[in-house]
Amino acid sequence: MTDAEPDIISSLPGHIIDHILSHLSIKEAVRTSVLSTKWRYKWATLPNLVFDSQCISETSEDLLDIKSKLSRIIDHVLLLHSGPIRKFKLSHRELIGVTDIDRWTLHLTRRPVKEFVLEIWKGQRYKIPTCLFSCQGLHHLELFNCWLKPPSTFQGFRNLKSLDLQHVTLAQDAFENLISSCPLLERLTLMNFDGFNHLNIRSPNLQFFDIGGKFDDISFENTSQLAVVSIGLYVNFESNQSRLHGRSSNLVEFLIRLPRIQRLEIQSYFLKYLAMGVVPVKLPTPCIDLSYLSIRINFNDSKEISAALCLLRNSPNLRELEILARPEEQPVPIAHHAYCWEEVCLSWPVMRVQHVRIDGISGIKPELDFVNFLLQYSPVLEKMAVKPALNAGPELVKDLLRFRRASARAEVTYLD
Amino acid sequence: MAQEASSSTSSKTISLKTGDGEIFEIEASAAKQMKTVQRLIDDLGDDITIPLHNVFSKELPKIIEYYKKDITGEITKDFEAEFVKDLNDDEVKVLFLAANYLDANKLFEFLSQNIADRLESKSVEYVRKYFGVENDFTPEEESKLREERAWSFRGIKEDE
């Protein structure tokens, strides 16, 4: 069924077509060169070049064949392309041998590229060529499965705003130098790294920090802009191994450096780390901007419970809370006294939490006490969703429904 | 007074009249997302029926549907997939042109990507017709270019 105005439909204005062109894959964009003589070089000034699995449909072709095809395609495109390249992304399963990438990187540093994304899906860490470290136009750098060894002449990336490093190898001093010499850095993601295990984050403009890996120690300096933080410590440590490094309280030191924090995720064993040393009842300054908190917690460890409660008590504007129970393989030796809730409840401030999610509880007493406590002290609670652990018994639901709620509107749902 | 702000504060509706004379209502907060409409409201006032000469009764309801979801923050990938699922390429083009005319940025961006996705494996002839482009290559020039870029033509369903 055709419409009444075929002429309006058939021709799109120029600037609109350009806009669609910018959303095409590189393969499709190159194809448009055949549309008409006017279109022959239109694609060549597209600012974003993305080479991924769409470029070559991997049929049952021989591996070497795919590699050389991919190589030729990228050479072809880079040679024909003109104008600035804003973004270059290379992420293909069968990525070619090292020399090609080095050559392309060198070419890109001359363009100069603003966003550089390189993902080496498998095999050894790819050693980033030295030329990348002199690419001062970079705003965003994203590397997966790479080895970074900046030259001694490296002075940082002056314009870098966002850095995303996953599965990377980097020496300790190289890491510290990298972070502190990127003055405009706003976002930092670090996942699964090796070569360094002391994280000293010195970054005056940093707003977003997301890290997951194995480290001994983390400290922040001059990071008053940090608003969103997610930290996962992927290695368990014995309670007698000190992670205090001269501090009296990991929790206090950590929060003092993040005065403007709005969203905080404490994952894996990081709460255990934060609970080392003294866990105060009151913090020197409350976390007034904190509105979202997610904690992975071991309910068998009373220090971790203290740390969680300290956070709750000192975050007057918390709206959303997520609690993920971490089941321990062996229960903590029963030197742990029953947690003293009466002391806690004395002079507990009103909590403004509206949404709570609890995952992975099985119904042991410390868990129930905690949930009970939350329900009693959250007068504006709207929803609480509870997802039990796989081994949770049917009594858990009954226990949960028993608890008195301070909020008449609170809706408690049990997800199984 | 201090109430729970659970519903939108402005429940004012604006009347829009399409090029083919039909009238539709839209919430003022949704109208704000369409810069052309907002400019007309600023000039003509919000009590008058706003005339939209280049948008027709076939497209406008769909656009209103999109922005209704937008103001409640419910636009998800699933919703967007459903939204265009039953539209053919020409219908999407008309919607896209309307979004452009209304200066409705979010919908415009989404439809740009959707059109690009749709054209992904279409033949050169199809794309020419879709964009309204006349082929002025000689057959020799065209086949030479195609040969040079053979890698980009793999996987295309050539029609005609």
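Predicted model: local features only at pLDDT ≥ 70, side-chain atom pairs only at ≥ 80, totals over all residues.
**Thr189(A) and its surroundings**

Leaving aside neighbours within four places in sequence, Thr189(A) is in contact with Leu163(A), Asp164(A), Leu165(A), Gln166(A), Phe208(A) and Asp210(A). The residue belongs to strand β7 of chain A, which runs over residues 187-194. Is Thr189(A) buried or exposed? Its relative accessibility is 11%, so Thr189(A) counts as buried, the cut-off being under 20%. Next, draw a distance from Thr189(A) to Phe209(A): the C-alpha atoms are 5.9 Å apart, although 20 residues separate the two in sequence.

**Val356(A)**

Move to strand β15 of chain A (residues 355-361) and select Val356(A) there. This valine is buried, with a relative accessible area of 5%. Beyond the residues up to four places away in sequence, Val356(A) touches Leu321(A), Leu374(A), Leu381(A), Lys383(A), Met384(A) and Ala385(A). A line drawn from Val356(A) to Leu188(A) spans 28 Å between C-alpha atoms, for a sequence separation of 168 residues.

**Chain A as a whole**

Now zoom out to chain A, whose secondary structure comes to twelve helices and 17 strands. Along the principal axes, the C-alpha atoms of chain A fill a box of roughly 80 × 65 × 40 Å. Of the 416 residues in chain A, 50% are buried. Among contacts in chain A with a separation of 6 or more, 65% are between residues 24 or more positions apart.

**Two salt bridges in chain A**

The structure holds 24 salt bridges over all chains. For one of them, select Arg257(A) and Glu253(A), whose closest N and O atoms are 3.8 Å apart. Arg257(A) counts as partly exposed at 35% relative accessibility, and Glu253(A) likewise counts as partly exposed at 30%.

For another, go to helix α12 of chain A (residues 395-402), where Asp399(A) and Arg402(A) lie three residues apart, about one turn of the helix. An α-helix has 3.6 residues a turn, so residues three or four places apart point the same way. The side chains of Asp399(A) and Arg402(A) meet in a salt bridge at 3.2 Å, N to O. Arg402(A) counts as exposed, at 59% relative accessibility.

**Where chain A meets chain B**

Colour the two chains separately and show the interface. Here 36 residues of chain A are in contact with 41 residues of chain B. The area buried between the chains is about 3500 Å², and carbon and sulfur atoms give 64% of that area. On the chain A side, select Arg31(A), Val34(A) and Leu35(A): these residues lose the most area to chain B, together 20% of what that side buries. Helices α1 (6-10), α2 (14-21), α3 (26-31) and α4 (63-80) of chain A each supply at least two residues of the side that touches chain B.

Which kinds of polar pairing cross the interface of chain A and chain B? There are 13 residue pairs in polar contact, both residues at pLDDT 80 or more, whereas the rule finds zero salt bridges.

**Arg128(B)**

Setting aside residues up to four places away in sequence, Arg128(B) touches Val34(A), Leu35(A), Val133(B), Asn135(B) and Glu142(B). At 3% relative accessibility, Arg128(B) counts as buried.

**Helix α3 of chain B**

Select residues 60-71 of chain B, the twelve residues of helix α3. At 1.5 Å a residue the helix should span 16 Å, and its end C-alpha atoms are 17 Å apart, which agrees. Highlight Leu60(B), Ile63(B), Ile64(B), Tyr66(B), Tyr67(B) and Asp70(B), which are the buried residues of α3(B). Viewed down the axis of α3(B), these buried residues fall within an arc of 160°, so they line one face of the helix. They pack against β1 (13-17), β2 (23-27), α1 (28-31), α4 (77-85), α5 (89-102) and α6 (105-119) of chain B. After the helix comes Gly73(B), with a positive phi near 65°.

**From Asp70(B) to the last stop**

Asp70(B) lies in helix α3 and Lys106(B) in helix α6 of chain B, so the pair ties together parts that are 36 residues apart in sequence. Asp70(B) counts as buried at 13% relative accessibility, whereas Lys106(B) counts as partly exposed at 42%. Finally, select Glu125(B), Arg128(B), Glu142(B) and Arg146(B), which salt bridges with shared partners join into one network.

Key:
Residues numbered from 1 in each chain as written. Chains lettered and ligands numbered in written order. Heavy atoms only, no water. Helix = DSSP H or I, 4+ residues; strand = E, 2+ residues; numbered from the N terminus. Expected span 1.5 Å × (residues − 1). Buried < 20%, exposed > 50% of the residue type's maximum accessible area, 1.4 Å probe, protein only. Arc of directions from axis to C-beta. Contact = heavy atoms within 4.5 Å. Buried area = accessible area lost by both parts, 1.4 Å probe. Salt bridge = Lys/Arg side-chain N within 4 Å of Asp/Glu carboxyl O. Polar contact = N/O pair within 3.5 Å; in protein donor to acceptor, adjacent residues only side chain to side chain.
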